[in-house]
Amino acid sequence: VSLTAWLPATQRPEILVVASIHGDEAETTVVLSDALRSIDPGDLINGAVLCANPDGILRGTRGNALGVDLNRNFPAANWSPEPVAYKSRRQGPRDIELSPGADQASEPETRALLSLLEETRPRAVVSLHAALAVIDDAGASQLGKNIAERTGLPLEADIGYPTPGSFGSWAGERDLCVVTYEFEAASLYDLKDRHAPVLADLLTGRLGFGD
């Protein structure tokens with residue numbers, strides 16, 4: 001598996017924006033694509049991955065083709081082999097189980113993202129998800145605060161439930177800033193209107209750490 005990344009031509013990206021690590025959150029890919037297409041390629045100074053879970057997107061499933069939740073497959077100290085439960089409906093129970101993988105970083109998609117991060121060495125990653133309507137930033141970074149202020153979404157330090165083997169857990173052990181940007185539940189038209197301009201500003205550097 002290779003991930004297609006849009007990167008600036010002449011500099012290392014300070015921020016990498018990643019969409020659809022969960023294949024049932026395809027709205028993140030649609031909105032990030034809209035943002036990318038709205039800017040001149042020469043204005044791109046940060047990076048974008050439109051889809052971190054290509055098989056999941058094609059199948060409309062949260063996990064990849066092997067039923068692995070990629071956001072529980074990262075080689076973090078808290079990785080666990082226990083199945084991951086989630087709910088597929090807003091009011092439903094957490095009664096659907098996915099695998100965290102046979103081992104840490106067992107999935108090619110995980111390894112591809114890790115390789116990209118090693119190659120580009122960004123200062124921060126903005127990971128797009130849906131639909132909790134929150135900016136989750138355990139490190140309370142200025143980037144997270146700026147995104148929360150721009151979007152009007154609440155800034156939280158914890159998503160409210162354990163996430164063993166998550167990308168955020170792995171990054172936190174390496175002092176890599178991760179801001180989880182959770183869209184609200186809304187139509188694609190509304191999501192594009194509200195969030196594509198924010199993402200375009202992230203990609204062109206008009207929105208960032210502010211330092």
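First, a search of the whole structure turns up four aromatic pairs (rings of Phe, Tyr and Trp, the last by its six-membered ring, with centres within 6.5 Å; planes under 30 degrees apart are stacked, over 60 edge-to-face, the rest tilted). Keep in mind that this is a predicted model, where local features need pLDDT of at least 70, side-chain atom pairs count only at pLDDT 80 or more, and totals for chains, interfaces and linings use all residues. Residues are numbered from 1 along each chain as its sequence is written, and side-chain values use heavy atoms, leaving out hydrogens and water.

Select Phe74 and Trp170. Their ring centres are 6.3 Å apart with planes at 40°, so this pair is tilted.

Next, pick Tyr181 and Phe183, an edge-to-face pair with 5.4 Å between centres and 85° between planes. Tyr181 is buried, at 0% relative accessibility. What is the relative accessible area of Phe183? That one is 0% too, so Phe183 is buried.

Keep Tyr181 selected: along with Val126 and Leu199, Tyr181 touches the most other members of the largest nonpolar core, which has 33 residues (a set of buried Ala, Val, Leu, Ile, Met, Phe, Trp, Tyr and Cys joined through side-chain atoms within 4.5 Å).

Last stop: Arg123. Its charged end sits over the ring of Phe209, 3.7 Å from the ring centre (the cut-offs: NZ of Lys or CZ of Arg within 6 Å of the centre and within 35 degrees of the ring normal).

Definitions and conventions
Buried < 20%, exposed > 50% of the residue type's maximum accessible area, 1.4 Å probe, protein only.
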